[in-house]
Amino acid sequence: MRIKLLAILLLCSCVLSAQELSKEDVKKEVVRLLDSINKAKLPDTKSGVSNDEHWYDRISLRGYAQIRYNGLLSTNDKVSCEQCDKSWGTTSTAPNAKANNGLFIRRARLVFSGQVHPNVFFYFQPDFASSPVTGIQNFVQIRDLYFDLSFDKKKEYRVRVGQSKIPYGFENMQSSSQRLTLDRADAINSSIANERDLGIFFYWAPAEIRERFAMLVKDGYKGSGDFGVFAFGVYNGQIANKIDGNRDLNVVTRVTYPFVIGSQIIEPGIQAYTGKWAFTGEVSSGVIVNDPQYVKDQRIGATFVLYPRPFGIQTEYNIGKGPRYNTLTKTIDETDLNGGYVLLNYKWDLKKQYIYPFAKFQYYDGGKKYEKDARSYVVRDYEFGVEWQPISALELTAEYVIADRTFEDSALPINRQQGNVLRLQAQFNF
């Protein structure tokens, strides 16, 4: 190396002398040559370090957090929704019970993801604001941990292995960071608590449609994300982060497709699942279940979405069978269920800001298998609100709820609650 450097310097000196350049020019040329040699990227043979990209270089990190306040203009503190938000209302049986509607961290999530191999995609999402029971907050819990194995270069065919969302319903698939209303509708969300379970799923979608799914999220149209045009799989059927209660795997399938019609995009879909629900500790003493490990749990649902360009409609409805508390016999019976929702929304682009006014009506008549005694529900709620995104890192939502909720179990055999409340949320994206 030293011999080469000396030769270069001698050659430059001869050339410069021949051209009668000044000493200052020679000095600058020497400095330039030394700098270029110093900046050359030569392999470090001693340490064995190379410039090859590692799998961990491909992992990205993002997240979001939601802080809520449910204590404004409340007319009845006993209006509540356990599956929705544990800081909203109270299920206390005390006659004069008051809700502790203070500030509440609803979600605090980090997402680690990346294409760690040409055929392996990795996704890990813990939530640092899980609430295992009412009043106990901010526990860390795994929401998603799965791997997508693809079989072609375009990644149109893939198998998902791990804990992830069950492909049932549009609103269930839609991220809470994208959804306009503060909570999912009871009728669809009562199918799978937290929308997730441990399973194996096959997804297929053409590359062009996968890009369309991504665009509907990225460009602010409140898409559901990429869960394939066709999905089929099996899962435990016991909800996420719980050991399976029987040896019966649930089977689920879903078909959906976002069509472009002129300037509009519509997405119809249909989905269904079947399985057996196993009670593992949700049944109170004195409540009778015929076969607590194998209660029929089946549903079929339909979806229609007109994306807000600028006016949008989102509606879903499902029917099925499942466990439900009977207040007359104090038993948990296998009964029919039905319900759905209609959401009207508008996307207003104001320079680089987004404003989304929305209105929603939901209805549900059925049980919730994962709540105490498969709690019986009849829900008729109206929600009116607006979401404002002044910057990409901040979203503010105000939602006024007019609720009529009957929810009954062995501790609350006669319990119809009606009331109104103004709910607020600040969401931070990072």
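In which strand is I200 found? I200 lies in β6, strands being DSSP runs of E with at least two residues, numbered from the N terminus. The model is predicted, so local features need pLDDT of at least 70 and side-chain atom pairs count only at pLDDT 80 or more, whereas totals for chains, interfaces and linings use all residues. Residues are numbered from 1 along each chain as its sequence is written, and side-chain values use heavy atoms, with hydrogens and water left out.

I200 is partly exposed, at a relative accessible area of 46%; buried means under 20%, exposed over 50%, and partly exposed in between (1.4 Å probe, protein chains only). Together with I142, L145, F147, L149, F151, Y157, V161, this residue makes a nonpolar surface patch of about 680 Å². Such patches join nonpolar side chains within 5 Å, from residues with over 30% relative accessible area and no salt bridge (a Lys or Arg side-chain nitrogen within 4 Å of an Asp or Glu carboxyl oxygen). β4 (139-150) gives the largest share of the patch, 4 residues.

One disulfide (cysteine sulfur atoms within 2.5 Å) is found in the whole structure. It links C81 and C84, with sulfur atoms 2.0 Å apart, and both cysteines are buried.

Conventions
Patch = residues over 30% accessible without salt bridge, like charges linked within 9 Å, V, L, I, M, F, W, Y side chains within 5 Å. Areas by Shrake-Rupley, 256 points an atom, 1.4 Å probe, with all protein chains shown as cover.
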